[in-house]
Amino acid sequence: MIHPILAVINAFIRNHTRFLLMGGQACVLYGGSEFTRDSDFCILCNGENLSRIAAALRELQAQPVFFPPLEAQFLEKGHACHFICKSSDAEGFRIDLMSKMRGCPPFNEMWQTRNLLRIDSIEIPSLSLAHLILAKKTQRDKDWPMIRRLIENDYAARKDPSTEDIRLWLRECRSPGILIDMGTRFPDLMAAQLPARPLLRLALSAEEDQLNDALIDEEKEERRNDREYWRPLKEELERMRHARS
Amino acid sequence: MRVPDCLDSEEAAWYALTPQERFFQYTRLLEFYLKAGGSLAPQRDSQSPFDFPEYYEQKSPQTGNSPPPAIAGP
């Protein structure tokens, strides 16, 4: 049995599309998750790439689900386009496509820092860990434990971290114990990060309870920002629904 | 804090795998899930921006059951 995600990725590669794996599949690769039932991709939004994506979707006999249609005008606003595959090698498998995510840089910048995973004979480009975490800062409960776990795993695994690794942890770590640990291991880098993330001062002073509260407040603010970001997009989706009914 | 404290043994074992090994294990898990009758339909998520009834349907509100249209450039 060829795995549905490989069938989808093979179709994207055969058609020379420019895409980045993200969402649950990327979390599996980074060790933050064990299972997911669908696939999410960030795609370059230009006419040529969208034509190639459409060709891949036709190979997969993918049908659009819900709204909006796969058009640059919607992708550029931040909408997601949803499909369900009907081909025998990926039947029932869902595909979500986006080009712009809140808090993430433009596609070409994310492409420059992509990770390549070789599975059999194919190379799968995926979002870097840093960009995957930015994309996971949503309004949903389920994404936040994932962010915490992705960083915990990365922190535990890297015995000789680069400065860039440490800066990522300092920006994104959501575990009070690890932040306090980092305060003793990397005090100078943490102090330098204070203007961008003031709660780190609580890690430097090892005030765990207050740090935990500050992390909760930080999450609440991001989730509030994500709801605000999606408000006009959801209103547009509502208008599409009503226009059709 | 010692580094291993942040992971339980199951998580540590999972993370100790290479990305390729994790991907292989994931494919086996999905294969089992499908053989056991598991569904690929998305679970209802009231916090999702796409939490509209049509999103969870298995047919297209845009084009019925026809394949996706050719895409026009931006």
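Tutor: A nonpolar core is a set of buried Ala, Val, Leu, Ile, Met, Phe, Trp, Tyr and Cys residues joined through C-beta atoms within 7 Å. This is a predicted model, where local features need pLDDT of at least 70, side-chain atom pairs count only at pLDDT 80 or more, and totals for chains, interfaces and linings use all residues. Residues are numbered from 1 along each chain as its sequence is written, and chains are lettered from A.

Student: What makes A:Ile178 buried or exposed?

Tutor: Buried means 20 or more other C-beta atoms within 10 Å of a residue's own, exposed means 12 or fewer, and partly exposed is in between, with C-beta atoms placed from the backbone. A:Ile178 has 22 such neighbours, so it counts as buried. It's found in helix 9 (residues 176-185) of chain A; helices here are DSSP runs of H or I, at least four residues, numbered from the N terminus.

Student: Okay, which residues have the most contacts inside the largest nonpolar core?

Tutor: A:Val8 and A:Cys42, in a core of 77 residues. Helix 1 of chain A gives the largest share, 6 residues.

Student: Why is this core said to lie between domain 1 and domain 2 of chain A?

Tutor: Domain 1 (4-135) and domain 2 (143-228) both give residues to it, so it lies between them. Those bounds come from an automatic or database domain assignment.

Student: And what is A:Val8 in contact with?

Tutor: Contact means C-beta atoms, placed from the backbone, within 7 Å. Leaving aside neighbours within four places in sequence, A:Val8 is in contact with A:Ser39, A:Leu60, A:Cys85, A:Ala90, A:Phe93 and A:Ile95.

Terms used
Helices (H or I, at least four residues) and strands (E, at least two) are DSSP runs, numbered from the N terminus. Two residues are in contact if their C-beta atoms, placed from the backbone, lie within 7 Å.
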